[in-house]
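Subject: Structure for you to look at

Hello,

Please find the structure below, followed by notes on what turned up in it. Keep the model open while you read.

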Amino acid sequence: MAGAKKNFKATKKFEKKHLKGVLDQRKATAKIKQRQQVKAKKLTKKGKDAEFFKGSEDAESNGKINGTKKTAKVNDMSVDDFFGGGFEIIEKSQPAKKATKKLGKRKRDEPDEDENASDEGSDLEISADEMPMASGSEDSDDEDIEDTGMSKAAMDALAEEDPEFYKFLKENDPEALEFDDADLAEVDELSASEEEDQPKKKQKKDKMQKRTDVVDEEDPSNNELTQAMVARWKAALLEKQSLRAARQVVLGFRSAAHLNEDDEDGGRKQPYKISSPDVFHDILLVALKQIPEVLQHHVPIKESSSGKVQVPTDSKKFKALSVLLKSYVSAILHILGTLSDDATLKLTLSALTPLIPYLLSFRKMLKNLIKTVVGFWSQSTSSDSTRITAFLVLRRLVVVGDKGIREAILKATYQGLIAGSRVTNVNTIQGINLMKNSAAELWGLDQNIGYTTAFHFIRQLAIHLRNSIVHNQNESYKTIYNWQYVHSLDFWSCVLSEHCNPLKEAESGKESQLKPLIYPLVQVTLGAMRLIPTATYFPIRFHMIRSLLRVSRSTGTYIPLASALLEVLNSAEMRKSPKPSTIKPLDFQIAYKAPKSYLRTRVYQDGVGDQVVELFSEYFVLWSTNIAFPEFALPVIIMLKRWLKQSRRKTGGNNNNKVRSGLVLLVQKLEANAKFIEGKRAKVDFAPRDRAQVDAFLKDFEWEKTPVGAYVVAQRKAGAEKAKMLEQARKEDERKRKEEEEEALEENAAALDDEDDEMEDFDDEEDEGSSEDEDEDDEE
């Protein structure tokens with residue numbers, strides 16, 4: 001016994017040291033085999049059920065699709081296998097086996113990626129390399145509806161196996177071969193069931209109309225879509241909310257969306273042909289305006305005051321109409337890529353807004369929709385009306401969607417903003433500002449999701465800045481000093497200034513959840529503006545200072561910015577006298593760096609001086625009514641007076657009178673405002689430790705009436721007039737340029753016409769010469 005016990009311990013010890021991985025692998029293999037056995041039992045049970053309900057032939061075909069039964073081949077069988085195989089049907093070949101694999105839909109017992117996806121939005125992550133999906137395997141509830149039709153592969157296999165029967169179907173019942181339209185047959189069944197509930201008299205009245213409709217719709221030789229057909233469908237939709245008419249409208253709209261694609265792309269044949277632009281226009285208007293109303297009528301949506309929607313997804317109508325809905329939305333997303341007219345784009349995008357609650361359960365289609373709408377919102381060629389319409393679709397998605405959808409939309413919106421701000425010029429700056437202002441609203445609809453996504457993206461900006469500082473290579477700074485990084489920082493300043501405003505916090509009754517992000521954003525911005533403190537990148541410094549001024553103005557947060565502006569004045573660019581130049585003034589609004597030709601020139605120095613004076617005044621006007629303004633402005637006043645004193649030197653000074661006069665006026669306004677505050681606070685009777693009284697000092701006093709405030713108001717007014725004049729001059733230059741281009745094109749066309757005339761005359765002369773030679777030959 002002792003020896004056996006010892007051997008048992010040794011065996012256990014050996015297994016623990018050397019066989020642990022082997023045993024675990026065997027256990028895992030056994031579990032997999034057990035799952036496969038359970039799965040095979042389920043599939044066998046399904047086959048038996050199909051045989052009982054549908055007959056033996058359907059059960060056999062189902063068994064082929066699911067792979068539970070292998071088709072026997074005579075050539076591969078021995079005599080014993082042949083007699084031992086039972087009564088198994090023998091087929092000569094299996095060409096349709098590959099095609100039948102496409103017939104099988106997703107099994108109910110297989111794990112679904114969309115069903116297993118968490119609410120955190122992992123199933124809606126949008127990458128730039130993904131191709132858009134028209135529709136996918138959404139929910140298992142739609143499987144019965146999707147299985148009603150046959151796939152294109154099955155039709156091809158039928159044409160190869162039995163060409164005579166395929167030819168018979170093509171001649172006598174062509175709709176049986178239109179496999180995609182078979183899915184929409186469920187809508188006709190639902191419409192028929194609704195009509196059974198109508199009174200008999202009404203049914204008799206509609207019989208003649210139905211017969212004419214069926215003749216027009218099902219005649220294979222006359223599949224041309226006409227205005228009369230569209231008008232009849234429109235009347236049926238308006239009067240009866242007919243699902244049968246809705247089905248035909250969706251088919252016609254899909255044909256319009258895929259117009260002229262049958263021959264070129266080798267795609268499927270569409271049910272209708274459209275040759276008239278009027279018919280194309282009519283079917284677009286009917287589909288985009290009436291189909292959402294029909295869906296709302298048959299499957300009404302209940303929306304609570306908090307924005308939550310309830311869609312009866314378990315109802316028979318929704319299951320039948322889901323195929324119609326997916327086909328309709330897929331056609332909309334497809335036709336959006338072919339449109340260029342602003343009015344048509346706006347109408348098409350607005351048609352998606354009422355459909356959003358119905359699409360919440362179709363994740364893959366929703367992912368494609370988000371990607372398409374964000375693309376139009378961020379396109380540089382899109383007009384303001386198109387951008388606003390696309391933004392309303394995204395906002396509706398954020399309001400009615402769950403956490404995963406909201407996070408996916410916020411991420412896609414930010415990515416679209418970054419992609420759309422790559423090119424910044426006079427023509428695109430207004431669109432980029434519109435994108436930043438509109439997207440900032442989305443982050444306040446759900447501040448829980450907004451905080452996590454904003455923290456993630458601001459952290460990414462900080463990581464880029466750290467890598468640029470640590471890996472100090474020649475081109476490392478370019479990851480920071482570019483338009484995308486500048487617009488990113490400016491966008492987050494818009495988000496925080498809009499949602500961390502004291503007025504909005506007072507309305508909501510609680511502090512904004514985004515407020516903790518102010519400090520990291522300010523630190524990243526201050527670090528980025530000082531990365532390369534040269535005169536070339538003064539414009540990017542001014543952009544970042546404006547972003548921080550927006551945050552400080554809206555949130556009441558003190559941000560030290562005077563030192564960053566004093567560094568500009570104390571640079572070598574501003575200490576020395578400039579060189580005269582006749583180049584065009586630099587537009588600091590659309591430039592993040594100065595070209596080399598501008599450095600050390602009077603034009604650039606004048607522009608930098610104007611920017612410094614403007615930003616100093618905007619910075620000090622924020623605290624113009626603060627009780628500590630005299631002490632706050634004193635260091636800057638001293639530094640500015642010191643710079644002015646050095647600039648007056650005959651040797652080594654700056655003789656730019658424009659810059660000096662601007663700074664002198666700024667110093668005068670700061671000193672006047674300091675005396676104004678000193679006079680006001682001389683009358684108070686509270687100590688500095690009384691914080692409530694200190695904060696309430698001149699709280700109701702209008703900042704425009706202070707010396708600095710009045711100066712800033714006049715400065716803003718002058719700047720607006722200057723910008724207006726520049727915009728008018730730019731438009732006039734564009735108009736002249738277009739006229740010159742048109743004149744050049746006309747001249748080129750006239751020159752080509754002259755060349756053609758000369759060539760024709762030359763050809764005529766050659767023809768006459770050849771005819772004369774022929775006559776001479778004949779005479780000889």
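Start with arginine 660, which is buried yet has no salt bridge; aspartate 606, the nearest side chain of opposite charge, is 10 Å away. Buried means under 20% relative accessible area, exposed means over 50%, and partly exposed is in between, with a 1.4 Å probe and protein chains only. A salt bridge is a side-chain nitrogen of Lys or Arg within 4 Å of a carboxyl oxygen of Asp or Glu. As for charge, Lys and Arg count as positive and Asp and Glu as negative, while His and the chain ends are not counted.

Two remarks on the source: this is a predicted model, in which local features need pLDDT of at least 70 and side-chain atom pairs count only at pLDDT 80 or more, while totals for chains, interfaces and linings use all residues. Residues are numbered from 1 along each chain as its sequence is written, and side-chain values use heavy atoms, with hydrogens and water left out.

Where is arginine 660 found? Arginine 660 is in helix H33, residues 657-681. (Helices, H or I of at least four residues, and strands, E of at least two, are DSSP runs numbered from the N terminus.) A polar atom of the arginine 660 side chain lies 3.4 Å from the backbone oxygen of serine 647. Leaving aside residues up to four places away in sequence, arginine 660 touches Trp643, Leu644, Ser647, Arg648, Asn654 and Asn655. Contact here means heavy atoms within 4.5 Å.

Next, the salt bridges. Side chains of opposite charge can pair when their charged atoms come close. How many salt bridges does a search of the whole structure find? The search finds 26.

- Arginine 530 pairs with glutamate 567, the closest N and O atoms being 3.1 Å apart. This pair links distant parts of the chain, 37 residues apart: arginine 530 sits in the loop between helix H27 (518-529) and helix H28 (538-555), and glutamate 567 in helix H29 (residues 562-569). Arginine 530 is partly exposed at 31% relative accessibility, and glutamate 567 is partly exposed at 35%.
- Arginine 737 and glutamate 741 meet in a salt bridge of 3.1 Å, N to O. They are four residues apart in helix H35, so about one helical turn separates them.

Most residues other than glycine have a negative phi. Arginine 600, however, has a positive phi near 65°; arginine 600 is in the loop between helix H30 (572-575) and helix H31 (602-621). Leucine 698 has a positive phi of about 50° and lies in the loop between helix H34 (691-695) and helix H35 (707-779). Is each of them buried or exposed? Arginine 600 is partly exposed, with a relative accessible area of 37%, whereas leucine 698 counts as buried at 16%.

Phenylalanine 616 touches residues including Ala562, Leu565, Val636 and Leu666.

Regards

Notes: A polar contact is a pair of N or O atoms within 3.5 Å; within protein, one must be able to donate a hydrogen and the other to accept it, and residues adjacent in sequence count only if both atoms are side-chain atoms.
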